[in-house]
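Here are my notes on the model you asked about. Keep the structure open while you read, and take the points one by one.

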Amino acid sequence: MEKEYYAHPTATIDKGCTIGKGTKIWHYSHIMEGSTIGMECNIGQNVVVSPGVVLGNNVKIQNNVSVYTGVTCEDDVFLGPSCVFTNVVNPRSAICRKSEYASTRVGKGATIGANATIVCGHQIGEYAFVGAGAVVTKDVAPYSIVVGNPARQMGWMSEWGCRLEFNEDGIAVCPESRERYMLKDGKVIKCRR
């Protein structure tokens, strides 16, 4: 049976992983046994997808990214160049802590910027935006923008990636999509039409 995805000849695809239709895997990437990659994903050069990792549909991973065991990325996630996930809080070379891997979930449509580090055991909310070089050490709220080390929230972002400015009634309109959002009790929700 012919495979329904593309893998560059230099990519290593271990047996026992699942790769969805239309996915592309580029130069020198390693997809390890037991990982699951959805449909229409793009895995850049020199990417590692470790055992047990789950990637939804249309996930875009740029070059030099390490996605370690314990990570789940929902649909439409963007992982910028050289970002990295950890999976143990207190690693030591001489002590095996594989039974202590902490899980990390990246919500639908979220973006992780270039060179960002996601410390394990945290949730990145849907459509959140983690700025380049940020170090995430706690959960990130849906639609929020976080930057710095440690990452701190500096605003809100629409599903289209535009900064949201809320009026006195707690309503913001995405300047690109014209979709409306409401800020209430420190949380952003998209208004239904």
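1. Start with methionine 32, which sits in the loop between S5 and strand S6 (36–37). Strands here are DSSP runs of E with at least two residues, helices are runs of H or I with at least four, and both are numbered from the N terminus. Methionine 32 has a relative accessible area of 22%, so it is partly exposed. For that word, the cut-offs are these: buried is under 20% relative accessible area, exposed is over 50%, and partly exposed is in between, with a 1.4 Å probe and protein chains only.

2. What does methionine 32 touch, not counting residues up to four places away in sequence? The list is Asp14, Cys17, Val48, Val49, Ser50 and Pro51, where a contact means heavy atoms within 4.5 Å. Threonine 69 is 37 residues from methionine 32 in sequence, and their C-alpha atoms are 9.9 Å apart in space.

3. A word on ground rules before you go on. This is a predicted model, where local features need pLDDT of at least 70 and side-chain atom pairs count only at pLDDT 80 or more, while totals for chains, interfaces and linings use all residues. Residues are numbered from 1 along each chain as its sequence is written, and side-chain values use heavy atoms, with hydrogens and water left out.

4. Now zoom out to the whole chain. How many helices and strands does the chain have? There are 0 helices and 25 strands. The C-alpha atoms fill a box of roughly 55 × 45 × 20 Å along the principal axes.

5. Some totals for the chain come next. Buried residues make up 41% of the 193 residues. Take the contacts between residues at least 6 apart in sequence: 14% of them join residues at least 24 apart. The accessible surface is about 10300 Å², and carbon and sulfur atoms hold 50% of that. Those areas come from the Shrake-Rupley method with a 1.4 Å probe, and for residues only the protein chains shown count as cover.

6. Charges are quick to cover. The chain carries 20 positive and 18 negative side chains, and the centres of the two sets lie 3 Å apart. Lys and Arg count as positive, Asp and Glu as negative, while His and the chain ends are not counted. The place of a charge is NZ of Lys, CZ of Arg, CG of Asp or CD of Glu.

7. On to the aromatic rings. Rings of Phe, Tyr and Trp (its six-membered ring) pair if their centres lie within 6.5 Å; planes under 30 degrees apart are stacked, over 60 edge-to-face, and the rest tilted. That rule gives 3 aromatic pairs. In one of them, tyrosine 6 and tryptophan 26 have ring centres 5.1 Å apart and planes at 50°, so the pair is tilted. The two are 20 residues apart: tyrosine 6 is in strand S1 (residues 6–7), and tryptophan 26 is in the loop between strand S4 (24–25) and strand S5 (30–31).

8. Look at tyrosine 143 and tyrosine 181 next. This pair is edge-to-face, at 5.5 Å centre to centre with 65° between the planes. It links parts of the chain 38 residues apart, with tyrosine 143 in the loop between strand S20 (135–136) and strand S21 (144–147) and tyrosine 181 in strand S24 (residues 180–184). Are these tyrosines buried or exposed? Tyrosine 143 has 4% relative accessibility, so it counts as buried, and tyrosine 181 is buried at 0%. Ring pairs also bring in Tyr127, giving a cluster of Tyr127, Tyr143 and Tyr181.

9. Finally, check some backbone details. Tyrosine 143 has a positive phi near 65°, though it is a residue other than glycine. Asparagine 46, also not a glycine, has a positive phi of about 60°, and its place is the loop between strand S7 (42–43) and strand S8 (48–49). A cis peptide bond joins asparagine 149 and proline 150, with omega about -5°. Proline 150 is in the loop between S21 and strand S22 (152–156).
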